[in-house]
Amino acid sequence: MKSMPAVDTAAFQNDILNHPAGELERIGEMAKQFGVTLRTLRFYEDKGLISPLRDGATRLYTHRDKARLKLILLGRKVGFSLRDVKQLMDLYDPSGANIKQLKVALDKSDKQLSRLHKQRALLDEAINELSNSMADIRRMLAERSAASSGAAN
């Protein structure tokens, strides 16, 4: 295990002591709770989206990390890039009104909703074309099966 300078060790111990028991979670618990892989959590950490406390190689996730992970997963679910998600989270100011963050979120959401509506229209068109093709194939199969049965008699 890598040793920490005395100042860093004290800061780490203060971070640990400032979190109520049960609030800190290990990486496996976080992965299970949110239905993601350990690799995903490490990737989000590498990208600066979450920043768990560290005790050597052990990652300890705080309430803040959980909230950020929820936002990351919501953003990904609706199609935002990780860059967009990070930009929105970085605009958050816990002591401010966050008007800029809300405006940017609304603008990005409006654009993404438009993209999703276009994708839905394309999917509906593809579904209709495939359904029509399948109906034609079923009809041809029924006709040929009937003709084949009649020729066998």
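## Aromatic pair

In this predicted model, a search of the whole structure turns up one aromatic pair. The partners are Phe-43 and Tyr-44, with ring centres 6.2 Å apart. Their planes meet at 55°, so the pair counts as tilted. The cut-off for edge-to-face is over 60 degrees, and stacked needs under 30.

Phe-43 is partly exposed, at 39% relative accessible area. Tyr-44 is buried, at 7%.

## Three-stranded sheet

Three strands form an open sheet. Their order is S1-S3-S2, and the pairing is antiparallel. Strand S1 (25-26) and strand S2 (53-55) are the edge strands. Each of these pairs on one side only.

S2 pairs with strand S3 (residues 58-61) over three bridges, in the antiparallel sense. Across this pairing, Arg-54 stands opposite Arg-59 in S3. Strands of a sheet pair through backbone hydrogen bonds.

## Nonpolar surface patch

A nonpolar patch lies on the surface. Its members are Leu-71, Leu-74, Val-78, Leu-113 and Leu-116. Together they have about 400 Å² of accessible area. Helix H4 (63-77) and helix H6 (99-152) each supply at least two residues of the patch.

Val-78 sits in a loop, the one between H4 and helix H5 (82-90). Its relative accessibility is 33%, so Val-78 counts as partly exposed. Patch membership requires over 30% relative accessible area.

Key: Residues are numbered from 1 along each chain as its sequence is written. This is a predicted model: local features need pLDDT of at least 70, side-chain atom pairs count only at pLDDT 80 or more; totals for chains, interfaces and linings use all residues. Side-chain values use heavy atoms; hydrogens and water are left out. Two strands pair if DSSP finds at least two bridges between them. Helices (H or I, at least four residues) and strands (E, at least two) are DSSP runs, numbered from the N terminus. Patches are made of residues with over 30% relative accessible area and no salt bridge: like charges are joined within 9 Å, nonpolar side chains (Val, Leu, Ile, Met, Phe, Trp, Tyr) within 5 Å. Accessible areas come from the Shrake-Rupley method with a 1.4 Å probe; for residues, only the protein chains shown count as cover. A salt bridge is a side-chain nitrogen of Lys or Arg within 4 Å of a carboxyl oxygen of Asp or Glu. Buried means under 20% relative accessible area, exposed over 50%, partly exposed in between (1.4 Å probe, protein chains only). Rings of Phe, Tyr and Trp (its six-membered ring) pair if their centres lie within 6.5 Å; planes under 30 degrees apart count as stacked, over 60 as edge-to-face and the rest as tilted.
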